[in-house]
Amino acid sequence: MSEHESEQVEQQPETPTSIKDSMGKNGIILAVFALVTTALISITYFGTVEQIAAQKQKKLLDTLNAVIDKGSYDNQIQFDCVIVSSAPLLGDKLPKHIYRATLKGEPTAVAIETTAPDGYSGKIELLVGVKTASVPGEALVTGVRVIKHKETPGLGDKIDLRINDWVLSFNDKIYSDALLSNWAVKKDGGQFDQFTGATISPRAVVNAVKKSVEYYLANQVDISSEVNGCSITQQSSQKVSNDE
C-alpha cells in the first residue's frame, strides 16, 4: 500500500455504526451519573428532613419544660395534645395546640398555644402553662413564654425573655374570679409591670394569658378527654403525607 493510500485509510471518517455505539455509551454514562446524583440528593434530603424534625421536637420540648415543671409529668408531652380552632379566648381562628401533662395517667397541667392579637406591632404568639389550683375554680399559671413577636426593639420587645425577665412575673400567679382585677398591668390597676414608654405590648400579653386561663377553666374536662391530636403515629403519617 502506498503512503498516499495509507493516509487515506487513516483519515476515513467514523461509520454510522461506530457513532451510534459511541452515543449509546455516552448516554449510558450520563444516565448512571444522573441516577447516582439523584440518589445522593435523596439521601441528603431525607437525612436533613429527619434532622430538622428532631431539632423542632427538641425545641418544642424545651419550651414546654420552660412553662411546665418536667418533674410534674411522666408522659411524652410533645406527643400528647388537643388541637382546637375558632376559640375566641385564644386570640384568633387558627388551630391551637394544647399540650397535656399527665402523671401516672392523671392530668397535672397543660401548655396552651395562644395569640395576643393586639400587640403594638401585630400578633404576639405565646405558650401558657397552667394547672388547677388547690381551690376549685382557681388556676395556677406555671409559666409563660413569648414564641413569636414583632414588637419594637428596646421598648415592647421586653416581653421576650431573651431581652428581659418580665415574662417570669407570671410564674405561680393565681387566677380566680376574686383576683380578676389583678390580671392587668399596674397602669390599669393590676399587678404586672408595664414598660417605660411601652404599655400596649405588656397589656396585650397579660390579657392573652388571662384569657388562656379562662379557656382552660371552662374546658378542663374536654381538654382531658379529647382524642390525642399529636400522637407519634399521627406525626409519622403527617410526615409521609408531606413527603408525598
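1. How much space lies in the second largest pocket? About 170 Å³. The model is predicted; local features need pLDDT of at least 70, side-chain atom pairs count only at pLDDT 80 or more, and totals for chains, interfaces and linings use all residues. Residues are numbered from 1 along each chain as its sequence is written, and side-chain values use heavy atoms, without hydrogens or water. A pocket here is an open set of points on a 1 Å grid over the protein atoms alone, where a 1.4 Å probe fits and protein lies on both sides within 12 Å along at least five of seven lines. Points are joined across faces, edges and corners; the volume is the space filled by probe spheres set on them.

2. The lining of this pocket includes Arg100, Thr102, Pro107, Val110, Thr132, Tyr216 and Ser224. Lining residues have an atom within 4 Å of a point. β2, β3 and α3 (200–225) each give two or more residues to the lining. Helices (H or I, at least four residues) and strands (E, at least two) are DSSP runs, numbered from the N terminus. By class, the lining has six nonpolar, five polar and one charged residue. Ala, Val, Leu, Ile, Met, Phe, Trp, Tyr, Cys and Pro count as nonpolar, Asp, Glu, Lys and Arg as charged, the others, Gly among them, as polar.

3. Now the strands behind the lining. β2 (residues 96–103) pairs with β3 (residues 106–119) in the antiparallel sense, over six bridges. Pairing requires at least two DSSP bridges between two strands. Arg100 stands opposite Val110 in β3. Thr102 has Pro107 as its bridge partner in β3. Two residues separate β2 and β3 in a hairpin, and Lys104 in the turn has a positive phi of about 55°.

4. β3 also pairs with β4 (residues 122–132), antiparallel, over eight bridges. That pair too is a hairpin, with two residues between the strands. Val110 meets Val130 of β4 as its bridge partner.

5. The whole sheet is open and has six strands, in the order β1-β2-β3-β4-β5-β6, with antiparallel pairing. β1 (81–84) and β6 (173–175) are the edges; each has a single partner strand, so one side of each lacks a neighbour in the sheet. Neighbouring strands are turned by 35° against each other on average, direction ignored.

6. α3 packs on this sheet and touches β1, β2, β3, β4, β5 (139–148) and β6. Contact means heavy atoms within 4.5 Å. The direction of α3 makes about 140° with that of β3. Axes are lines fitted to C-alpha atoms, for helices over the stretch in contact; angles run from 0 to 180 degrees between N-to-C directions.
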